[in-house]
Amino acid sequence: MSDAQARAGAPAQGLVLIAEDEDEAEIAEILAAYLQRSGLRTQHASDGQQALTLHQSLKPDLILLDVQMPRVDGWKVLSEIRARGDTPVIMLTALDQDIDKLMGLRLGADDYVVKPFNPAEVAARVEAVLRRTRASAPAAAQVLRVGAFEIDLESHRASVSQGGQTHPLALTLTEFKLLACLMRTPQRAFSRAELLESCLPEGDTQERTVDSHVSKLRKKLEALDIQGVPASVWGVGYRFGVAP
């Protein structure tokens, strides 16, 4: 753990989506560097449409959203994100008019930063918003959503949406743990040893046991015409993968 992560209240390993025009790529890189010093992961979207796509697939903990984005502007992106849920959003803009600030807050922005800004201040605001939203989140809300998949950790229910219908998944306890582990960080590749330790801490110590459980999980998903979940990563192990 880094010194920044060790600070009291600092959010650890959250994902921040930086939605910044490609013409301002240097700003995005500077913001990413400061956020990473605070123990946060980052992903860059260079236009509004990509921001919406990455928001849907990555489920970031917070979005830094530039107003003047190509393809889809920041206001429309914010409106769509609010229609989907309550992901925290901090607006970034060169505009310094009260009407623009009011519009951002009216559409549901959590904070508003005017360019030029101090990147250290932006990182501090990100941490403050994350602390506030995490503190206000219901303790019982333990639901993972990645693409068409949803897992309720409290009720131990898993489901997948296909063709406008929601299909419950009849998983064993180990299969449920495997899917939940992979969904928590869907872009990460896990080794078999890591999955064995996380999902079968008291079971068989042979890594090939993981392959057997993954194979059974895949067959259940393939019966619903979902291919490649979990995905194999050659020489490493498995990651969540992408459902069609």
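Which residue in the turn of the S7 and S8 hairpin has a positive phi? It is His156, with a phi of about 55°, in a turn where four residues lie between S7 and S8. This is a predicted model, in which local features need pLDDT of at least 70, side-chain atom pairs count only at pLDDT 80 or more, and totals for chains, interfaces and linings use all residues. Residues are numbered from 1 along each chain as its sequence is written, and side-chain values use heavy atoms, with hydrogens and water left out. Helices (H or I, at least four residues) and strands (E, at least two) are DSSP runs, numbered from the N terminus.

**The four-stranded sheet**

- The strands S6-S7-S8-S9 form, in that order, an open sheet with antiparallel pairing; two strands pair if DSSP finds at least two bridges between them.
- Strand S6 (143–146) and strand S9 (165–168) are the edge strands, each pairing on one side only.
- From one strand to the next, the twist averages 20°.

**Strand S7 and its neighbours**

- S6 and strand S7 (residues 149–152) run antiparallel and are joined by four bridges.
- Val146 has Phe149 in S7 as its bridge partner, and Leu144 has Ile151 in S7.
- The hairpin of S6 and S7 has two residues between the strands, and Gly147 takes a positive phi near 55° there.
- On its other pairing, S7 is joined to S8 by four bridges, again antiparallel; Ala158 in S8 is the bridge partner of Ile151.

- Helix H7 (residues 173–184) lies across S6, S7 and strand S8 (157–162), and runs at about 115° to S7. Angles run from 0 to 180 degrees between N-to-C directions, and axes are lines fitted to C-alpha atoms, for helices over the stretch in contact.

**Packing of helices H3 and H4**

- Helix H3 (residues 48–58) packs against helix H4 (residues 74–84) at an angle of about 15°, with the axes 10 Å apart. H3 is therefore roughly parallel to H4, a term for angles under 35 degrees.
- Gly48, Ala51, Leu52, His55 and Gln56 in H3 meet Val77, Glu80, Ile81 and Arg84 in H4, where contact means heavy atoms within 4.5 Å.
- By class, this contact has four nonpolar, three polar and two charged residues.

Conventions:
Parallel < 35°, antiparallel > 145°, perpendicular 65-115°, else oblique. Nonpolar A, V, L, I, M, F, W, Y, C, P; charged D, E, K, R; others polar.
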